[in-house]
Amino acid sequence: MTMTRTSAGRAQTAAPLTDDEKAAAGGARALIVVDVQNDFLPGGALAVPGGDEIIDTVNRLIAGFETVVLTADWHPAEHASFAASHPGRRPFETVRLDYGEQVLWPVHCVAGTPGAQFARMLAADAAALILRKGMHVSCDSYSGFLEADRRTRTGLAGWLSDRGVTEVFVCGLALDFCVSATAVDAAREGFRTQVVLDASRPINADPESLRRLEELWQEEGVGTVFSTELVHAA
Ligand SMILES: [Zn+2]
């Protein structure tokens, strides 16, 4: 712990809050908006059906939270998650990489390209943190907390904890991949976690797929909520 002295001679500390201090403070809430980027909107390289329909709702949520984190999928051009990086392979096939099974995707969210920019109407200026993920060429990261190798940490858990956050609400694109992975890891990191259903959209809207998702969230202690329970509808 680093101690410094002010001119008044009082000791100050930059240490994170202890669990007791956080509990006493009641804990803070944060909103995590996952990957609301052009390539995941209709017309984008990896469009999520209805992805653009959530933006107004997400913006209302953003306005209602003091701490907002935006994640962005941000890949090198030769990223291992791209089918184009594996000769003879097509998008949506699965390959085995060092860390396990990887779904192959069309080239998307290449760092610095228009497709990787946040949706134009997203209230991105309100974000306290923009966290880019999937930047390592040989490793994907659906989760905003832990990359696909399940070892490489993004630093998000520490950032939230340092700010006294104990509860997170997760929304964005796509519900069945990056939103779900981020929410599950948030719960595993000890945050009280809820997915905001109407501020998210899945790639696969098949009822069976959604049922499996809800089962997973239940096992992992992830709750669900609608935006109208958090902020007033327009
Ligand atoms: Zn990606």
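**Exercise 1. How many bridges join strand E3 to strand E8, and which residue in E8 is the bridge partner of Ala 28?**

Step 1. Strand E3 covers residues 28–34 and strand E8 covers residues 165–173; seven bridges join them, and they run parallel. Strands (E, at least two residues) and helices (H or I, at least four) are DSSP runs, numbered from the N terminus. Two strands pair if DSSP finds at least two bridges between them.

Step 2. Ala 28 has Val 165 as its bridge partner in E8.

Two notes on the source. The model is predicted: local features need pLDDT of at least 70, side-chain atom pairs count only at pLDDT 80 or more, and totals for chains, interfaces and linings use all residues. Residue numbers start from 1 along each chain as its sequence is written.

**Exercise 2. Give the strand order and find the edges.**

Step 1. The open sheet has six strands, in the order E7-E4-E3-E8-E9-E10, with parallel pairing.

Step 2. Strands E7 (129–133) and E10 (222–225) each have a single partner strand, so one side of each lacks a neighbour in the sheet.

**Exercise 3. Trace the chain from E9 to E10.**

Step 1. E9 and E10 pair in the parallel sense over four bridges. Val 195 has Thr 224 as its bridge partner in E10.

Step 2. The chain crosses from E9 through helix H5 (residues 207–220) to E10; this β-α-β crossover is right-handed (with the strands pointing away from the viewer, the path from the first strand over the helix to the second runs clockwise).
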